[in-house]
Amino acid sequence: MSNSPENFRDTIPTADAQGRRIWMYPRKPPTGKASAPNAPDYYKLRTWLSWVLLFILVIGPFVKIAGNPLLMMNIVERKFSIFGIMFWPQDFYLFALAMITGFVMVVFFTAAWGRIWCGWLCPQTVLMEMVFRKIEYAIEGDARDQQKLNESPWTQEKITKKAIKHGIFFALSFVVANLLLGYIIGGEALIDLITDPPTQHGAGFLFLLLFTGLFYSIFARFREQACTFICPYGRFQSVLLDENSLVVAYDHVRGEKRARKLKGESWEERLSIGKGDCVDCGLCVTVCPTGIDIRNGTQMECVNCTNCIDACNSVMHKVKRDPGLIRFASMNQIEGKSKKLQFTPRLKAYGILMGALFLLLSGLLIARDAVDMTLLRVRGTLFQELPNGDVTNMFEGQFMNKTGREMDGVLELLNVEGQLLYSDQHLSLLPQEETSTILVVTLSPDQLRGKETKVKIGLRADGKIVDTQTTTFLSPGRKR
Ligand code: SF4
Ligand code: SF4
């Protein structure tokens, strides 16, 4: 009822009219020998890509670029790393700019190439379709066998299959939760957490259990609902796509009027009476993990996984028609209004904005100080006059080494002659750590400019001044 062209949008495919969940049993898409030899085997390509992505996902927390993690979102310690570029609380504006740039990039790519991210690159889809779903196929069989098993009474065989499947699902969810934690706290901290007894990391262990439960519920039960109801990206795609966007699309010009192929009916006869290439076999619907019928047009639930393309190509091959009845195409391409991807004014505007943001971000990142220095007057102190007339001020210095390597630093007075005493006259700036020290600045009366003298202090590391700060030096004023 729900998928007829007249009322297919009255309900969503995964819920009945009363709002009860309809469990999806997507069939394995035809791949390998079952795929059409004259068309790309997208499922196979996705499988290869998923191996690469899973490999990156697993090694990600342990990979470092210039000493910094590849990706780290340490919300607790407010340290963030994107492709080895560290962002600290002081760099919040840069982090916000990086997020805005990322958002514009998503908008640009979605407007041009639709939801390619969802079907091919999103960790949720990769894990669900390329790991958990394949394990389910291996244990419970293809869609029809799974349905039969679910509807059958609890026999020994059913209990065994379900126990094995859910045991593996839970173990894999535990691994995924560990990886997620690795992206939050970093690879080394994750190894400590794994190797130390759980009692030493109570909070970390609790987090792991909570997220294991969450991932298990997503992959064992929630599944496509995460893309349909939780992920905001699917929701706002409708405002980003237009008739020029490349999406997984059914060629209604060629396919309609859809009709079953009658025995002995030739293609000439079919076409002459207005029937199209779609033989209404429904295979494109049965392989769809979100349960939609792509022949009804682009829909919110479509994650562009291309299962329906593979399915339809295999059908077209069997009925001796050209592949591509369902393919990556824009509405304008299907209707013959354009041949190639159109760089419309909207796309150009997104592209220019994206380029400008990239340039701005790159410029700010290049100009960013490797070490951030903060000088504050020691609380409760003003100045001290020495017997020889010199005046001293005390400051507390904080030095944040934003790089992934240790640096040696020295402090210098840049605009006045005077004495600057601190630690051992040398700072060991540990990677990604904050170091603090007390600085005592002494100026002779001839250097003073009234009661407040601006003093510029520089931090020298790697042979060059990496940060400066101007502070106010207090004194009783020049004596006459
Ligand atoms: S309609 Fe096709 S591309 Fe979209 S989710 Fe379903 S099978 Fe995947
Ligand atoms: S798989 Fe192709 S031929 Fe079969 S129903 Fe879908 S669009 Fe029509």
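Is glutamine 425 buried or exposed? I opened the notebook with this residue. Glutamine 425 is exposed, with 9 other C-beta atoms within 10 Å. The model I am reading is a predicted one.

**Entry 1**

I stayed with glutamine 425 and looked up its backbone. Its phi is positive, about 60°, although the residue is not a glycine. I placed glutamine 425 in the loop between β12 (419-422) and β13 (427-429).

I then looked up threonine 306, which also is not a glycine and has a positive phi of about 75°. Threonine 306 sits in the loop between α13 (283-286) and α14 (307-318). I counted 24 other C-beta atoms within 10 Å of threonine 306, so it is buried, the cut-off being 20 or more.

Next I looked up the peptide bond from glutamate 256 to lysine 257, which is cis, with omega near 0°. Lysine 257 belongs to the loop between α11 (252-255) and α12 (267-272). I noted these entries because most residues other than glycine have a negative phi, and most peptide bonds are trans.

**Entry 1: overall form**

I looked up the secondary structure of the chain and found 16 helices and 16 strands. The radius of gyration is 32 Å, whereas the globule rule gives 23 Å for 480 residues; the chain is therefore more spread out than a compact globule. Along the principal axes, I read a C-alpha trace that spans about 115 × 60 × 40 Å.

I checked burial for the chain as a whole: 28% of the 480 residues count as buried. I also looked up contacts with a separation of 6 or more, and 67% of them are between residues 24 or more positions apart.

The domain assignment lists domain 1 (1-62 + 114-337) and domain 2 (371-474). I noted a distance of 60 Å between the C-alpha centres of domain 1 and domain 2.

**Entry 2: ligand shells**

How many residues surround ligand 1? I found 13, and the closest are Cys288, Ile294, Cys302, Cys305 and Cys308. By class, the shell around ligand 1 has nine nonpolar residues, four polar ones and no charged ones.

For ligand 2 I found 16 surrounding residues, the closest being Cys278, Cys281, Leu283, Cys284 and Cys312. The shell around ligand 2 divides into 11 nonpolar, two polar and three charged residues. I looked up which elements contribute: α13 and α14 each supply at least two residues of the shell around ligand 2. The most come from α14, which gives three residues.

**Entry 3: nonpolar cores**

I looked up the largest nonpolar core, which has 51 residues. Those with the most contacts inside it are Val248, Cys284, Ile294, Cys308, Cys312 and Ile326. Among the elements that give two or more residues to this core are α1 (42-59), α2 (92-113), α8 (202-222), β6 (247-250) and α14. I found that α6 gives the most to this core, with eight residues.

Another core lies apart from it; this one has 15 residues, including Val391, Phe399, Met400 and Leu429.

I went back to valine 248 for its contacts. Leaving out residues up to four places away in sequence, valine 248 touches Ile294, Cys302, Asn304, Thr306, Cys308, Ile309, Ile326 and Phe328.

Which residues does glutamate 136 touch, not counting residues up to four places away in sequence? I found Gln146 and Lys165. Glutamate 136 is in helix α4. It counts as buried, with 21 C-beta neighbours inside 10 Å.

I ended with glutamine 225, which has its place in helix α9 (residues 224-230). Glutamine 225 is partly exposed, with 18 other C-beta atoms within 10 Å. From glutamine 225 to lysine 134 I noted 91 residues in sequence and 18 Å in space, C-alpha to C-alpha.

How values were computed:
Residues numbered from 1 in each chain as written. Chains lettered and ligands numbered in written order. Predicted model: local features only at pLDDT ≥ 70, side-chain atom pairs only at ≥ 80, totals over all residues. Helix = DSSP H or I, 4+ residues; strand = E, 2+ residues; numbered from the N terminus. Buried ≥ 20, exposed ≤ 12 C-beta atoms within 10 Å, placed from the backbone. Rg over C-alpha atoms; globule rule 2.2 N^0.38 Å. Contact = placed C-beta atoms within 7 Å. Domains from an automatic or database assignment. Near = placed C-beta within 6 Å. Nonpolar A, V, L, I, M, F, W, Y, C, P; charged D, E, K, R; others polar. Core = buried A, V, L, I, M, F, W, Y, C linked by C-beta atoms within 7 Å.
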